[in-house]
Amino acid sequence: MTGNLLFVGGDLSGIQKFIYNISSKRAMVSLKGRSAYLKTFTDEVCSRILEKIDCDPAQENKMRINCSGGKFYLQVPDTHLVRQAIEEVRLETEKTLWDEHKGQLSMNIAYVPFCYEGDQVTVGQETGEIGILWKHITEKFNALKNKKFKRQLFDDYEDFFEVQKVGGEDAKVCQITGIEGAVEFTSPFKDDDEPLCVLKSVKAQIDRGVELSKSQGIKMLEEYADDSYLGILRMDVDNLGTKIIRGFESMEKYRRFSSALEKFFDAEKGDLSAIQKKCQNFLHIVYAGGDDIFAVGRWDKVIEFAEEVNKEFKKFCVSELHDPDLSISGGVAIVNPRFPIAKAAEMAGEAEDAAKKYNDGKKNAFNLFGESVAWTDSEFGYVKNYKNQFVELINKEGLSRSILHKIKSYAAIVKDNQLIEAENKKGNTKRKPNMNYMWHTAYYLTRYMGKEKGMTAVKAFCMDLRDKQLHTPEQFRLMSLAARWAELELRETQQNNNQ
């Protein structure tokens, strides 16, 4: 494909809020249905553009660069008819999204004229590698986000600003979204005799979710929790935008990269599917697209899954992408299975954000129990190792569970001291840090060791903590995290033994 071209992009906005804006009633089916709806919608918009420009089927694969994660990119000829077709689809899409979702979802569709200059591309007065196409299309997306539904505003001004009636005897609220305007339907769930009162668009998503649940064995949230806590996981690839803008010499190299990444994150047939199968009875991937993951399951299986995703992604980056520096970060929220799923997803998102800000924004981290750790042997591996030792020694060697509380309490003092020191540097306070924790820790562990006759496993463990592990603030932070993890795991074991 040569001559003047258009780099066309579509960016679906509002995905996260749209997926999670549901009640917990039939949450898993609703979540899965919404996720499938978004993927299908993006594919259809992309296909409509190609249909309208009447491209040869043999050329379609060359024109379609990527379509995943709520985004699509095309490379098409720059003609008046093509531009007209793109504008027609843009207006159709805007109207459809407004009519069906009233602003919850929007799609920015834009294009950048360019041409090839050997292995480089030229956009306006700028010539460089193909990454400049993503830079320019992103700038257009950002500008369009401030003008969402502009055409609808002009064409249906009264519909936008007319006072909407709320409440009343006849008002029906959607059981899933909490939005008025619901209609009663016969419930598609066999064990539910009551009518389903939802928006028409939500009913279509539920029907799709029901279909998927039959083929994929989707269960209720409480069933995934397995009489325990529920883990809500969110993960995505670090610095992918920067990688795309700076990391490719040709469109073909980007295609190969994108295709490989899409395969890895395919929850049904790709690498992610194989990882999920290891915990399939207790975990389900609700959404995986582009470069991010949203999964729910029993809390311990979710942590195990996240660790496995990170491990396999690192292998994949070396063997398939030939980029060992690419990484993935994530965060998990651990909640009661009856906790509102929308709020839990928000908490998981905040945990993911914290992981991406960790260590001066170096990312490549995981946030659990409110603390971020790097995906390294010296941090996540360290925490997991000592968590396992706590559990093993308490269950089999008689180590007292009180040690977990003691370590957490000493770590809390260390954390408070750090806050005091930070405030002192700013001149806000003149408080003195409490340094008693140092001798309290040594005294507690020494006294505990004195109860052991001979060099037992417990005595050796306490000696290791006293002499090597609990000296620096970071060691206290990581050991406290290990203690919290062990505490929850032990609680689960005790409950299972009591049943």
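Predicted model: local features only at pLDDT ≥ 70, side-chain atom pairs only at ≥ 80, totals over all residues.
Residues are numbered from 1 along each chain as its sequence is written, and side-chain values use heavy atoms, with hydrogens and water left out.

You can find Y37 and F41 in helix α2 (residues 27–52), where they are 4 residues apart, about one turn of the helix. Helices (H or I, at least four residues) and strands (E, at least two) are DSSP runs, numbered from the N terminus.

## Aromatic pairs

A pair of aromatic rings is described by the distance of the centres and the angle of the planes. Rings of Phe, Tyr and Trp (its six-membered ring) pair if their centres lie within 6.5 Å; planes under 30 degrees apart count as stacked, over 60 as edge-to-face and the rest as tilted. A search of the whole structure finds 24 aromatic pairs. One of them joins Y37 and F41, a tilted pair with 6.1 Å from centre to centre and 40 degrees between the planes. F114 and Y116 make an edge-to-face pair, with centres 5.5 Å apart and planes at 75 degrees. F114 counts as buried because its relative accessibility is 4%, while Y116, at 27%, is partly exposed.

Which residues form one aromatic cluster? They are F7, Y73, W134, F248, Y254 and F257. A charge sits over a ring if NZ of Lys or CZ of Arg is within 6 Å of the ring centre and within 35 degrees of the ring normal. K203 likewise lies over the face of F185, at 5.4 Å from the ring centre.

Two strands pair if DSSP finds at least two bridges between them. Here 6 strands form an open sheet with antiparallel pairing, in the order β2-β3-β1-β4-β5-β6. At the edges are β2 (64–68) and β6 (126–128), each pairing on one side only. Strand β1 (residues 5–13) and strand β3 (residues 71–77) are antiparallel partners over 7 bridges, and the bridge partner of F7 in β3 is Q75.

Helix α5 (residues 131–145) packs on this sheet, touching β1, β3, β4 (106–117), β5 (120–123) and β6, and its direction makes about 150 degrees with that of β4. Touching, or contact, means heavy atoms within 4.5 Å. Axes are lines fitted to C-alpha atoms, for helices over the stretch in contact, and angles run from 0 to 180 degrees between N-to-C directions.

## A second sheet with mixed pairing

Another open sheet has 6 strands in the order β10-β11-β9-β12-β13-β14, with mixed pairing. Its edge strands are β10 (283–289) and β14 (371–374); each has a single partner strand, so one side of each is left without a neighbour in the sheet. Inside the order, β9 (residues 230–237) and β12 (residues 328–335) run antiparallel and are joined by 8 bridges. Helix α14 (residues 341–361) packs on the sheet, touching β9, β11 (292–298), β12, β13 (365–368) and β14.

In a regular strand the side chains alternate between the two faces of the sheet. On β14, E371 and V373 point one way, S372 and A374 point the other way, and all are buried. β14 runs antiparallel to β13, with 4 bridges between them. In their hairpin, which has 2 residues between the strands, F369 takes a positive phi near 55 degrees. β11 is mostly covered, with 7 of its 7 residues buried.

## Nonpolar cores

In soluble globular proteins, nonpolar side chains tend to be buried together. A nonpolar core is a set of buried Ala, Val, Leu, Ile, Met, Phe, Trp, Tyr and Cys residues joined through side-chain atoms within 4.5 Å. How many residues does the largest nonpolar core have? It has 89, and those with the most contacts inside it are F7, F305, F313, F390, L399 and I403. Helix α19 (residues 473–498) supplies the largest share of this core, 10 residues.

I403 touches F390, Y444, L445, C462 and L465, not counting residues up to four places away in sequence. Apart from this core lies another, of 65 residues, among them A36, L50, C174 and I341.

Methods:
Buried < 20%, exposed > 50% of the residue type's maximum accessible area, 1.4 Å probe, protein only.
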